[in-house]
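Please read them with the structure open.

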Amino acid sequence: MSCQRKYWKILIPILVIAAAAALGWIVMSLWNWLLPSLFPGVRQIAFLQALGLFVLCRILFGGFRGRGGWRGGHHRQRWEQMSEEEREKFKQGMRSFGRRWHRGEMNPPEQKEPKTPTPDGV
C-alpha cells in the first residue's frame, strides 16, 4: 500500500469528524441565537444536543448520501429517459394537479351521515 493511500485513510475520518463538529457548532449557534428570542419558551441547547438535532434532521429530511433530490438521483435519470411527449404530459398533469389542489378538489369527499330511521319506520 502506498504512503499516499495511508494518508487518505487517516485524513478522511478526521475531516468527517471535523465537519460534523463544525456543523454541530453552527446548528447550536443558530439555535441559541434565533429561537430563544423568537419563541419565549425555548431554551438554549448544548453542543451534543445540537449535534443530535443535526443528525435527526439529516435522517428525517436529507439522508446521509449527499445525493438527494434531482442531483444524481433516479428522478433525473427517469426524466432523461422520457420522450418529449411524455415530459409534456407529465408537466400538464402536474399543472392540473396544482389547480385541483388549490380549488379543494383533492380533498376526500365528505361522508354523508346515514339517515336514522324514524319511529314510524320511514
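1. Helices here are DSSP runs of H or I of at least four residues and strands are runs of E of at least two, numbered from the N terminus. On that basis the protein has four helices and zero strands, and its pattern along the sequence reads α-α-α-α.

2. The model is predicted, and local features need pLDDT of at least 70, side-chain atom pairs count only at pLDDT 80 or more, while totals for chains, interfaces and linings use all residues. Residues are numbered from 1 along each chain as its sequence is written, and side-chain values use heavy atoms, with hydrogens and water left out.

3. Of the 122 residues, 6% count as buried, where buried means under 20% relative accessible area, exposed over 50% and partly exposed in between, with a 1.4 Å probe and protein chains only. Among contacts (heavy atoms within 4.5 Å) with a separation of 6 or more, 18% join residues 24 or more positions apart.

4. The accessible surface, from the Shrake-Rupley method with a 1.4 Å probe, comes to about 11,300 Å², and 63% of this belongs to carbon and sulfur atoms.

5. A nonpolar surface patch of about 1,100 Å² includes Leu-23, Trp-25, Ile-26, Trp-33, Phe-39 and Phe-47. Patch members have over 30% relative accessible area and no salt bridge, and nonpolar side chains (Val, Leu, Ile, Met, Phe, Trp, Tyr) are joined within 5 Å; a salt bridge is a side-chain nitrogen of Lys or Arg within 4 Å of a carboxyl oxygen of Asp or Glu. The elements giving two or more residues to the patch are α1 (3–38) and α2 (47–62), and the largest share, seven residues, comes from α1. Ile-26 lies in helix α1 and, at 39% relative accessibility, counts as partly exposed.

6. How many aromatic pairs does the structure hold? There are two, a pair being rings of Phe, Tyr and Trp (its six-membered ring) with centres within 6.5 Å, called stacked if the planes are under 30 degrees apart, edge-to-face if over 60 and tilted for the rest. Tyr-7 and Trp-8 have ring centres 5.8 Å apart and planes at 75°, so this pair is edge-to-face; Tyr-7 is partly exposed at 49% relative accessible area, and Trp-8 is partly exposed at 42%.

7. Trp-79 and Phe-90 also form an edge-to-face pair, with 5.9 Å centre to centre and 70° between the planes. This pair links distant parts of the chain, with Trp-79 in helix α3 (residues 74–81) and Phe-90 in helix α4 (residues 84–103), eleven residues apart. Trp-79 is partly exposed at 22% relative accessibility, and Phe-90 is partly exposed at 41%.

How values were computed:
Patch = residues over 30% accessible without salt bridge, like charges linked within 9 Å, V, L, I, M, F, W, Y side chains within 5 Å.
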